[in-house]
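Please read these notes with the model open beside you. They go from the whole chain down to a single residue.

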Amino acid sequence: MIPRHLTLKNFFSYQAASLNFQGLHTACICGANGAGKSSLLEAMTWAIWGKSRAGTEDDLIHTGAKEVRVDFTFSIGGSTYRVIRSRPRGRSGELQFQIQTEGEQFRTLNAKGIRATQDLITETIKLDYQTFINSAYVRQGHADEFMLAKPNERKQVLTKLLKLEEYDRLADRAKDAAKGFKAQQELLDSQQEPRAARLQNQQALTAQRDHLAAQLRQLQRGQATDQAQLETLKRENLERDRLTEQEQWQQNRLASLDQDQARRRQTEAKVLKTLGELNQLLENRQGILANYQQLQQWRTEEAELTNRATADHRARSQQQEILNALGNARNQIHLNQRTTETELNRALRERQDLAPLLAEAPIIEERCRELADCRRQLQDLDQRQQQVAPWENRANQLRLEIAQVESRHTAQREQLAREQQELTAKKQAGANLRQEFLAKVEELENLERQQTYQARLESKLNAQALRQRELTAQHQAIQESLADLEQKWQFLQQPGANCPLCDRPLGESDRAHVLTKNQTSQTTQQEELWRIQTEITDAQRQQADLKTELAALAQELGKRDQQLQEVNKLEHRLERLAEISERIWEIDRELTHLDQALHAGQYAEDLQQELIQLTEQIQQLNYDDKTHSLLRSQERNLRWAETKASRLEDGRQRQATLNEQIPQLQARLTAYQQELKDLEATSDLAQQLATINETIAHLGYDADAHQKLRHRIRDHQQWELAHRDLNVAEAQKPGLEAELQQINGQLALGEEERAGVLAALAHVRETMATVPDYRAQIAELTTTIDHRQTQLAQCQREAGAIEAQIEHLAALAAEYAENETQLAQLKQQHRIYNELAKAFGKNGIQALMIENVLPQLEAETNHTLSRLTGNQLHVQFLTQKAGKQAKAKQAPKMIDTLDILIADAQGTRPYETYSGGEAFRINFSIRLALAKLLAQRSGAALQMLIIDEGFGTQDGEGCDRLVAAINAIASDFACILAVTHMPQFKEAFQHRIEVHKTNQGSHLVLSS
């Protein structure tokens, strides 16, 4: 990634800034502490990944601003891209990702949503934020992050930098899979045990099945014998069965004949009863006929009365219609009379009401003349007002604009006064902030000195541990030598022992000499052993003291990060206080200017001059608004005369009309009275009514008599029913007599047939007495066969159940074998995933990858370090070292570590023993090597290098070598940016980006 252009708006201390990277190969970003140097680099990371040192994204926004925006253009692989990220305060932001086309225009590449667009950017540049800050961006305070870790923790830091945590996740997944296969294996094992127990019953079930098969065969043989005997008895009993069937048939026939005879006798009784009822009805024939004739006569009379009732109803309907017509005509005449009377009364009242108005005619005419004169004067004043109105409107508008300008100045002054009061309160609240900042800085410097002292203590602890291991080895060697001397002593005590060296016989004097020499050696080595033991004890005590002191230092140094954060916060607050002081001075100056302008009226001067000119023009026109208003009031007061004049003219015309209408209305009332008299006496309706009344009287219809006749007919309806029953009886009697005769004949035939059936039944019974009866034997055999059939069914059920169990056991055996195969597979999978968990673990692939990476890291580090130190320093990484011996005569156990040894002209010693400039050069070399390594692993070319501070530890020669090293590696990068506040360092760069902080925010100046 090669930067091309960066534009900032309201980002941290920047209000607006733009930086063009074209032509910048190696450049220095310089400026005072807190000026905003690191903010430029933070802007790049925030634009691309949305990451920065701010706690929340609202903290990025410049104080007092509402929105932050960063526009960053860069190149990768020959293509130019632009990322635009913005965020309003308190709301979600926006992200634009664009690519430059051939026409140097930018085309949007956005995906759906900010997260998807962010993933597209990361995929395009092949670097995520963590890889970038650990490779291309050497952040302030993080250059020695890898080096400051303890030797046994450096592998973990390197694992994180190389992103090997994925293998930890794979190892966890492999462990989980192995646990799953183990659980399945245990589950199958628990299921196999009951299956094996059940398979042991297979032989017992087979024997039980064979026993049941034999029992079934025996029962089947007995069942066959009894079944044959039963068939023989049934054949011999066939004749008796036939006779039994004939007897049953004759009995059924006899019962059927008895039922038929009974039914015939019931029918005979019903016919006799009906004939009796008919004969009784026929005996009353004369009375029924007389009653029927009387009923018919009453119905004839009722029909005649019905006709008369219809005619009477029709006549009365016509009578009512005529009466209604007479009433309507009478009502219409009365309505016309009332209407005419109303009109006459209204005309008389109206003529009377017009008299006062007509009496005021002279006054009304005089006031109309005054109204005309007033209107002529108003017309003249209206013309003047039309000329004055635009001028007055403009004058009012000018007065309003002048007042608005004054209000704005007043509001601005009040706002500035409030802001000044708030800023003054903040300034007073932070009065002791600088002393607090200096105290915190001093505490932080003390912690850094303690950190250096901690490194020296750790070096001493390592030296004591190494000394203890050497003394322990000497102690072990002396113990072995003493054991050898003791063995020789015991050997020489034996009579006739030869020399242990040359194996020749020894004389007494020689033996005494050898024993004396052996004893002297034992004494000397024993003293040496005690001395070494004393030194070992002393070394252990010193190590314990050092560890105690280191633990106390570690607890104290644990506050360093918090202290550093507090110092940064206080520094930021001090910068803010400086901005507040500058702003208070600006407000004082603005308030003085506003007070002078408001007091002297020196605002909106062009508007005030225009207002004076308009006022003079209005005065020259001599227009009096009060006179105009008085005339308008007088005109409104005289408008009644105009209205009354109109009413007076209408009254005169109305009076003439009323004088003509009143006589006509009086004549119309007289005509209506005569018309009413004619309607009652001589009209057509009166004559029609008289004719209808005569017709009703002639009909003489009596409604009460008609109703009584209807009730009489309804009360004697049974006479008609009796007449109908008489006719039915006369028709039915011959048929019933014939039916009775037929029934008597059928009864006689039935009795004859019954006698024949009784004779046949007696003959069958006599024949049955001569035939043998086997029914008892057949019943006994049938019972035996049924009982045995039950036993057979029971045995078959038991045999079927046992057979089913045997089949189930066969399936269970197959399942058992299949589960055994599955168990073997699960055990194999469990072993495989256990091996994978070990392979993905810390001591597997991760250790192998680190072992493969370290040589490359070491070579790249030494390549850069040789440039920085003039080939004076050389780095070596050690991944294992010897541990303590568990027992004597055993090889020391090797433990994992990541020690960094530095070779110089004086020899080889640990990295922790270096400090100051040399430590920074070593850190820088390792950091640069890590950057290249991480960039290569991510698939991206490391084209840009950013070094943020860290040069303050270098002396003049160290700075020269560091600049020389940067220039030496410049060909490896397309752009190198170094951030510093040291004047002697920034002068070494041809291009400088100088950052200055003002009251309006930070500003950039590019110089060469």
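**Notes on the predicted model**

1. The protein chain has a radius of gyration of 68 Å, whereas a compact globule of 1008 residues would have one near 30 Å. The radius is taken over C-alpha atoms, and the globule rule is 2.2 Å times the number of residues to the power 0.38. Along the principal axes, the C-alpha atoms fill a box of roughly 190 × 160 × 55 Å.

2. This is a predicted model, in which local features need pLDDT of at least 70 and side-chain atom pairs pLDDT 80 or more, while totals for chains, interfaces and linings use all residues. Residues are numbered from 1 along each chain as its sequence is written, and side-chain values use heavy atoms, with hydrogens and water left out.

3. The protein chain has 23 helices and 15 strands (DSSP runs, numbered from the N terminus: H or I of at least four residues for helices, E of at least two for strands).

4. Of the 1008 residues, 34% count as buried (under 20% relative accessible area, with a 1.4 Å probe and protein chains only). Among contacts (heavy atoms within 4.5 Å) between residues at least 6 apart in sequence, 77% join residues at least 24 apart.

5. Where is Thr 124 placed? Thr 124 belongs to helix H2, which covers residues 114-125. Thr 124 is buried, at a relative accessible area of 19%. Beyond its neighbours within four places in sequence, Thr 124 is in contact with Ile 76, Tyr 81 and Phe 97. A polar atom of the Thr 124 side chain lies 2.7 Å from the backbone oxygen of Leu 120.

Note on methods
Buried < 20%, exposed > 50% of the residue type's maximum accessible area, 1.4 Å probe, protein only. Polar contact = N/O pair within 3.5 Å; in protein donor to acceptor, adjacent residues only side chain to side chain.
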